[in-house]
Amino acid sequence: MIRATLAVLLALLLLTSAGTVIGEDLAKEGSGEYRSGKAATFTVIAMGKEQGQMNWEETGVVVSAPENSPFHNATFRDMGTSHIIKGKWKATGFVEYTCTNGDKIYGTMEGQGAFGGPSSGTIKLVGGTGACTGIEGILELKGIPGIKPAKEGIYQAISVGKVNWKIP
């Protein structure tokens, strides 16, 4: 009897929490604070002692964004390349966000920074699917230095900044 009661309570909890995510209306435009965490794999080709090329693929989750935005609790995947000279890098890439309802948001990215130091970049929103079709906007991000990876061969990072979006 206790198991059946617990199962019913768990089902009700899941249904009510899913209903708040699914039934929530997305704001067609807005702005606000943004924070995400990510982990990545990478491949590096050294070009002498002070120059190199790094290709990377990241996955992550948005842990803070305006609640009515398409970025609230979204996950993301991005790929790109960084050219490194004397410990400083410049990067370009592409990002795909997956919203809680399964819609996608696409963006191009550019960034720069120094290994172990500050970094900054922008993501220009260039389109999406479903309710995010035609989305435009920009994310202005900064990386938080000093994050130590939990596993050798990956890097982990936190990005903070601002997001602005508009859906036609």
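Visitor: What makes strand 3 and strand 4 a pair?

Guide: Two strands pair if DSSP finds at least two bridges between them, and strand 3 (residues 75–85) and strand 4 (residues 88–98) have 11 bridges in the antiparallel sense. The strands themselves are DSSP runs of E, at least two residues long, numbered from the N terminus. Within this pairing, Asp78 stands opposite Val95 in strand 4. Before we go on: this is a predicted model, where local features need pLDDT of at least 70 and side-chain atom pairs count only at pLDDT 80 or more, while totals for chains, interfaces and linings use all residues. Residues are numbered from 1 along each chain as its sequence is written, and side-chain values use heavy atoms, with hydrogens and water left out.

Visitor: Which strands make up the closed barrel, and in what order?

Guide: The order is 1-2-3-4-5-6-7-8, a closed barrel of 8 strands with antiparallel pairing. Neighbouring strands of this sheet are turned by 25 degrees against each other on average, direction ignored; the axes are lines fitted to C-alpha atoms, with angles from 0 to 180 degrees between N-to-C directions.

Visitor: Why is the contact of Lys162 with Glu33 called a salt bridge?

Guide: The test asks for a side-chain nitrogen of Lys or Arg within 4 Å of a carboxyl oxygen of Asp or Glu. Lys162 and Glu33 have an N to O distance of 2.4 Å, so the pair passes. Lys162 sits in strand 8 (residues 154–166) and Glu33 in strand 1 (residues 29–46), so this link ties together parts 129 residues apart in sequence.

Visitor: How many salt bridges does the structure hold?

Guide: There are 4. Among them is Glu58 with Lys38, whose closest N and O atoms are 3.7 Å apart. Glu58 belongs to strand 2 (residues 51–64) and Lys38 to strand 1, so that pair joins parts 20 residues apart in sequence. Another one is Glu96 with Lys104, at 3.8 Å.

Visitor: Are Glu58 and Lys38 buried or exposed?

Guide: Both are buried, meaning under 20% relative accessible area, whereas exposed is over 50% and partly exposed lies in between (1.4 Å probe, protein chains only). Glu96 has 24%, so it counts as partly exposed, and Lys104 gets that label too at 22%.

Visitor: What makes Ser36 buried?

Guide: Its relative accessibility is 3%, so it falls under the 20% limit. Ser36 lies in strand 1. Leaving out residues up to four places away in sequence, Ser36 touches Val61, Val62, Val63, Phe76, Ala157, Ile158 and Ser159, a contact being heavy atoms within 4.5 Å.

Visitor: And why is Pro118 called exposed?

Guide: Pro118 has a relative accessible area of 62%, so it clears the 50% limit. It lies in the loop between strand 5 (104–114) and strand 6 (119–128). Beyond four places in sequence, Pro118 is in contact with Gly113 and Pro145.

Visitor: How much space lies in the largest pocket, and what makes something a pocket?

Guide: About 900 Å³, the volume being the space filled by probe spheres set on grid points joined across faces, edges and corners. On a 1 Å grid over the protein atoms alone, a pocket is an open set with protein on both sides within 12 Å along at least five of seven lines, whereas a cavity is a set of points where a 1.4 Å probe fits but cannot get out; lining residues have an atom within 4 Å of a point. Here 44 residues line the largest pocket, with Lys38, Trp89, Ser119, Tyr155 and Ala157 nearest its centre. Strand 8 gives the largest share of the lining, 6 residues.

Methods. Helix = DSSP H or I, 4+ residues; strand = E, 2+ residues; numbered from the N terminus.
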